[in-house]
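Dear colleague,

I am handing over the structure below, and I would be grateful if you kept it open beside this message while you read. My notes on it follow directly after.

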Amino acid sequence: MLNSIFQKQITTVVSIPPPCRLNFSRALKSALDKVLARPVDLVVWLHLLLLPVCTLNLYIPKGTGEERSGVRKKLQIAAINQPLCKWREPKGCVVLVQNLLDLTKHSAKQQRPRRKKEENANIQACKKKINFGHFTAVIRVLFSDGIAPATSETLHDLQQKHPFARPPIVPADDITTPSLDVDATLVLFALKSFPKGTSCARYGLRDQHLLDAMSGTTAAVDDDLLQSIAGVVNLWLTGLCPPILGEYVANALLIPLLKPGGGLRPTAVGTIWRRLCSKLAASVACKHITSYLGTHQFGVGIPGGGGYTARS
């Protein structure tokens with residue numbers, strides 16, 4: 001089921017509209033708490049992963065009348081709040097997933113009405129990022145050569161740079177070392193440290209969505225939501241996520257960017273959950289590594305100190 005949904009490349013909103021944030025915050029909190037209550041239940045993990053693509057879909061205007069800003073905003077709010085209401089029903093997730101599969105069965109990708117004059121892809125991307133205040137990303141886009149075309153040559157180049165390798169084998173022996181543990185304060189700091197406009201990969205969930213769920217009218221419940229997020233992150237760090245979901249949570253898509261001088265520059269785009277867990281694990285481990293290696297003068301924890309050599 002996850003393959004069928006994620007292969008559709010469903011586009012989600014960049015930021016949750018304020019009138020929808022409280023509903024989404026409650027739905028996310030409920031999904032996280034169910035995972036914490038039943039961490040061995042595969043169904044609750046699936047609900048957590050499917051929540052964004054089922055409820056935060058980008059509304060595609062169906063005509064020029066819907067292109068107007070005010071009308072489009074109202075339609076987008078309705079397109080999010082209605083699935084969130086359906087999500088709360090006993091079989092709401094199943095119904096929404098089936099709707100997504102039926103919606104994309106006849107048309108692989110919804111398209112906007114064609115404009116009289118097509119704009120350059122970089123210009124379109126810049127306008128979109130300016131609207132959301134991602135000014136640093138605008139500079140990067142202006143100097144970007146874009147993404148390589150989806151051809152057999154592009155696929156061959158990616159396979160040459162990243163050849164196939166079997167997944168690592170997790171040892172069956174019990175590990176006596178305690179797993180890393182993070183608290184809500186560290187989670188909030190990590191969420192705020194992501195650059196603006198951080199991508200969602202193909203799973204639909206963005207860092208901005210998590211921040212939106214803790215802002216505005218939802219600020220009163222953000223402490224409880226943070227605690228739930230931290231609890232689920234600790235489940236991942238402990239290795240209690242069902243192993244069958246590893247390829248969906250821990251993988252990363254390769255985006256073939258074109259180099260100015262020719263060739264490809266593959267960029268890996270992982271899920272927000274993967275990046276959040278990695279960021280938190282690195283920040284916790286760094287404290288111990290700095291104190292352990294700092295006296296050897298390897299430049300650990302020292303800006304620009306990587307060139308130092310060890311002293312006997």
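How many helices and strands does the secondary structure of the protein come to? The secondary structure amounts to 13 helices and 2 strands, where helices (H or I, at least four residues) and strands (E, at least two) are DSSP runs numbered from the N terminus. Please bear in mind that this is a predicted model, in which local features need pLDDT of at least 70 and side-chain atom pairs count only at pLDDT 80 or more, while totals for chains, interfaces and linings use all residues. Residues are numbered from 1 along each chain as its sequence is written, and side-chain values use heavy atoms, with hydrogens and water left out.

First, the protein as a whole. Of its 312 residues, 36% count as buried, a word that here stands for under 20% relative accessible area, with exposed meaning over 50% and partly exposed in between (1.4 Å probe, protein chains only). The protein exposes about 19,400 Å², of which carbon and sulfur atoms supply 58%; accessible areas come from the Shrake-Rupley method with a 1.4 Å probe, and for residues only the protein chains shown count as cover. Among contacts (heavy atoms within 4.5 Å) between residues at least 6 apart in sequence, 70% join residues at least 24 apart.

Next, the packing around helix H2. Two packed helices are described by the angle between their axes and the distance between the axes. The axes are lines fitted to C-alpha atoms, for helices over the stretch in contact, and angles run from 0 to 180 degrees between N-to-C directions.

Helix H2 (residues 18–37) and helix H3 (residues 42–55) have axes that come within 8 Å and cross at roughly 165°, and H2 and H3 are therefore roughly antiparallel to each other; angles over 145 degrees count as roughly antiparallel, under 35 as roughly parallel, 65 to 115 as roughly perpendicular and the rest as oblique. The crossing of H2 and H3 is left-handed, that is, the near helix is turned anticlockwise from the far one by less than a right angle, whereas clockwise would be right-handed. On the H2 side the residues are Phe24, Ala27, Leu28, Ala31, Leu32, Lys34 and Val35, and they meet Val44, Trp45, Leu48, Leu51 and Thr55 in H3. The residues of this contact of H2 with H3 divide into 10 nonpolar, 1 polar and 1 charged, where Ala, Val, Leu, Ile, Met, Phe, Trp, Tyr, Cys and Pro count as nonpolar, Asp, Glu, Lys and Arg as charged, and the others, Gly among them, as polar.

Val44, placed in helix H3, counts as buried because its relative accessibility is 2%. Leaving out residues up to four places away in sequence, Val44 touches Lys34, Val35 and Arg38.

H2 also packs with helix H4 (residues 69–87), their axes coming within 10 Å and crossing at roughly 25°, so H2 and H4 are roughly parallel to each other. The crossing of H2 and H4 is left-handed. Here Pro19, Cys20, Asn23, Phe24 and Ala27 in H2 meet Ile77, Ile80, Asn81, Leu84 and Trp87 in H4, and by class this contact has 8 nonpolar, 2 polar and no charged residues.

With helix H11 (residues 222–238), H2 packs at an angle of about 40°, with the axes 9 Å apart, which makes H2 oblique to H11. H2 passes H11 in a left-handed crossing. The residues in contact include Leu28, Leu32 and Leu36 of H2 and Leu225, Ile229 and Leu235 of H11, and by class the contact of H2 with H11 has 8 nonpolar, 3 polar and 3 charged residues.

Arg21 also lies in H2, and at 16% relative accessibility Arg21 counts as buried. The C-alpha atoms of Arg21 and Ser215 are separated by 7.8 Å, although the two residues are 194 residues apart along the chain.

Finally, two leucines elsewhere. Leu191, in helix H9 (residues 184–193), is buried, with a relative accessible area of 0%, and beyond its neighbours within four places in sequence Leu191 is in contact with Asp207, Leu210, Leu211, Met214, Leu226 and Leu276. Leu264, in strand E2 (residues 264–270), is buried at a relative accessible area of 7%; its C-alpha lies 7.9 Å from that of Leu158, a residue 106 residues apart from Leu264 in sequence.

With kind regards
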